[in-house]
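I opened this notebook to record what I looked up in one protein chain. The entries follow the order in which I consulted the structure.

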Amino acid sequence: MASVLAWWVLVTLVGWTALPVALRLFNRLPGRGYALAKALGLLLVAYVFWLLCSLKLLPNSAGGILVAWAAVLALSVLFYRRGGGNLDELRGFVREQWRYIVATEAIFLVGLAGWALFRAFDPDLVGTEKPMEFAFLNAILRSDTFPPHDPWLSGYAISYYYFGYVIVAMLTKLAGTIPAAAFNVGIALLFALTLTGSFGVVYELIGGKKAEGRAIGFSLFGPVFVALVGNLEGLLDALHSRGIGSAAFWKWVQIKGLADAPVTGSWIPQDHWWWWRASRVVYDTNLLGEHQEVIDEFPYFSFILGDMHPHVLALPFVMLAIALAVQVIRWAAEQKPLALPKKGGVWAWLPAYLVQDWERNLLIALCLGALGFLNTWDFPIYWAVVVLCYAAGRYAAGRRLDKAYLVDVAVWAGRALILGVLLFLPFYVGFGSQASGIGSVIINKTRPWHYFVMFGLFLSTSAAFLVYATRAWVHGRRIAATGDVQAIGVVVAVLALVSLVMGKWTALGVIVAVGVLAVAVTRRLAQADRTDEHALTDTTVALMMIVGFLLTFAVEFVFLRDYFGTRMNTVFKFYYQAWVLLGLSGAYALWAIFGLGAAGRSRWARVGRGAFAAVFAVLLAASLVYTFAAGYSKAGGFRGEATLNCLAFVQKYYPAEYDAIQWLNANAQDAPVILEATGGSYSEAARVSARTGLPTVLGWDFHEQQWRGKRNPAGSRASDVERIYLAPDSPESLTLLDTYGISYIYIGDLERSKYGLSDAVVNRWDSIAVRVYNVGGVRIYRYPR
């Protein structure tokens, strides 16, 4: 666990480095962004390091990282002092918020150590996307500069959103952690940062009100909802395993694999990877009635799965973006309404506006733009959330929808979007994608039952907040923004009619709820003073709910076209962010209903709160079934030997291959190309390049196709690899060896079986290459002689 301690120290120091930036950037929030400072610091240091490496101004080394870190520290202090910050203010913040600070640090430490312990009982780099992720991490560690080389397509750079792997690699270098352990420590770090970030966001929403202790207590629902609860499938699996429910009932439930799972009499299902079913709740079919895969993953599933995929790597920085939205609405509401000059109009006003408060706006664009490099799907989603909060704040400032207001919002939104792209331009220049337009969802629709299984807990908190938010509308003394309400009504009516005609009942219910929330938000802003933080917070939460629900609404009608040709990945990406948004807003809803400032003290209000408390308690308990049962199963009942080495299983079951990998890591300097067996996605192929970071001729072929789209240059590489292995000393093979710049040839059990290599064929390598390793049936040759 020494590596866990080293990472804790490093990330804590990085958080302190960025604390001056957080104090000024989040200056309208009670917690001043303290819980987000670690994520902010990692983002800033990694950005400076990546950019300077990409421009060939810094090497990819521990020294280069320290230079970037020192630069961020200097800029952080300068930014804070330029905003009027000083040590007295810092000391005052600590005195006022010490309980919040202690709670944040405790959550981070417990989350990091606790999840590292969990990973120690389930450390193996087996299955799903882990080999790809480990390959990227190792390739970045080996690369002299950025963009890093693609470990599965020699001669090319990675064509994927790899910023998260840069952050993990950066900590790996500084801590001196072996990559095999860094993979699991990295997962634990992401878990801890997600816990602290979600706690911090909810605290910023409610901490400005009185009773700091109660605010901290309610804020704990943030990490519980976002990162710890599961969906209701876990309860269904437990009931089925116990033998409760008829065969007809389980057929009606229609969750893939559940009806056919074994009934054991145990509350914890015993079939292999039963917990996987929770990520496949939505059930789609094609025109022939055949099942189509749909992914509905959620954060806790991601963390027990243990994949270091971009949607997980981005989670702490998603929390940072949401915290920015909470800040932006308050900041925007304080500014005077825009008045365009009579002479020159927009063009006379624009230059001065663009440089106004440029430091803060540049940081906002950087934090949002980083999401595009972390997990590209997240950038437009959270850009929209922040822009909506800015628009709501500006509306609260002037309560008018004139030309000046529209220009103000459009220019601010456009600047954040354009800067968010430009700041990461070196990434976009070499980025390819399988995306090929928008497709229509015609025959498929999410059953209301499946939607409830997925989001049942959050539907209860959203319904409670809906009642709470509409009280101001129902009991308001004046009618305001009537035109806005009418416009919302028209849009919602059209979308509801489309949903009704197409028989999409889930979509119908969702869009009606969105409409009511939108009207409530408009009325809330119209009736409140622009300095009313309570109203601004309610508006922020309502907008988060609206975006979350709209994401689930959108996938009922459209999807982003990819090589799968279905809505599988769109549901995955949209539902994931809907879970985050509905989870955080649901935590605030609990405060609104039960905490200080909760409206409604009448008898009927008390009855309503009591009824909601009962329903909520049942759904929370049902959601936690998955948490405990799936976690216990995935960790093997916590009975195995604990280790953070993700290659320990290779050492145990394939010792000859493990020793060969260790030899390559010790002796193959820089990034020479290695020849090994290629193959399809999720196969054993490309395991050497994944475990060393050395580039191979071709790894998982379909993954490369997904990453590069129409620009995929794999061509004949798979057949070329086979030709080289079958006739190593032929003129054609010699030409291919030189063409691909191959320096090492790996021959293990997989290569022998896949290509049918006899000892005679293998020995032909001795005539053209140097046998540098020959232990336990594994041979490694260096070419040329």
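**Entry 1. Charges**

I began with the charges: the mean positions of the 65 positive and 52 negative charges of the protein chain are 11 Å apart. I counted Lys and Arg as positive and Asp and Glu as negative, leaving out His and the chain ends. Each charge was placed at NZ of Lys, CZ of Arg, CG of Asp or CD of Glu.

I note that the model is predicted: local features need pLDDT of at least 70 and side-chain atom pairs count only at pLDDT 80 or more, while totals for chains, interfaces and linings use all residues. Residues are numbered from 1 along each chain as its sequence is written, and side-chain values use heavy atoms, with hydrogens and water left out.

**Entry 2. Overall form**

I looked up the secondary structure and found 34 helices and eight strands in the protein chain. Helices (H or I, at least four residues) and strands (E, at least two) are DSSP runs, numbered from the N terminus. The radius of gyration of the protein chain is 27 Å, close to the 28 Å of the globule rule for 785 residues, so the chain is as compact as a globular protein of that length. This radius is taken over C-alpha atoms, and the rule is 2.2 Å times the number of residues to the power 0.38. The C-alpha trace spans about 90 × 65 × 50 Å along its principal axes.

I then turned to burial, and recorded that 59% of the 785 residues are buried. Buried means under 20% relative accessible area, exposed over 50%, and partly exposed in between (1.4 Å probe, protein chains only). The protein chain exposes about 29500 Å², of which carbon and sulfur atoms supply 64%. I took these areas from the Shrake-Rupley method with a 1.4 Å probe; for residues, only the protein chains shown count as cover.

Residues 24 or more positions apart account for 77% of them.

**Entry 3. Salt bridges**

Side chains of opposite charge can pair when their charged atoms come close. I required a side-chain nitrogen of Lys or Arg within 4 Å of a carboxyl oxygen of Asp or Glu, and the count came to 29 salt bridges.

I asked which residue forms a salt bridge with Asp 150. The partner is Arg 708, with the closest N and O atoms 2.7 Å apart. Arg 708 lies in helix α30 (residues 701-708) and Asp 150 in the loop between α6 (130-142) and α7 (163-175), so the pair ties together parts that are 558 residues apart in sequence. Both Arg 708 and Asp 150 are buried.

I next examined Arg 119, which forms a salt bridge with Asp 122 at 3.4 Å between the closest N and O atoms. Arg 119 is buried at 0% relative accessibility, and Asp 122 is buried at 13%.

The pair of Glu 732 and Arg 723 is joined by a salt bridge of 3.2 Å, N to O. Glu 732 is partly exposed at 44%, and Arg 723 is partly exposed at 31%. I also noted a network in which salt bridges that share partners join Glu 657, Glu 676, Arg 687, Arg 691 and Glu 751.

**Entry 4. Helix α30**

I returned to α30, where the buried residues are His 703, Glu 704, Gln 706, Trp 707 and Arg 708. These buried residues pack against α6. Just after α30, Gly 709 takes a positive phi of about 60 degrees.

**Entry 5. Backbone details**

I looked up cis peptide bonds. One runs from Phe 146 to Pro 147, with omega near 5 degrees, and Pro 147 lies in the loop between α6 and α7. Another joins Tyr 783 and Pro 784, with omega about -5 degrees; Pro 784 is in the segment after β8 (778-782).

Ala 686 has phi of about 65 degrees; its place is the loop between β5 (673-675) and α29 (687-692), and Ala 686 is buried at 1%.

**Entry 6. Thr 566**

Where does Thr 566 lie? I found Thr 566 in the loop between β4 (558-560) and α25 (568-594), buried at 16% relative accessibility. Leaving aside residues up to four places away in sequence, Thr 566 touches Gln 292, Glu 293 and Phe 559.

Conventions
Contact means heavy atoms within 4.5 Å.
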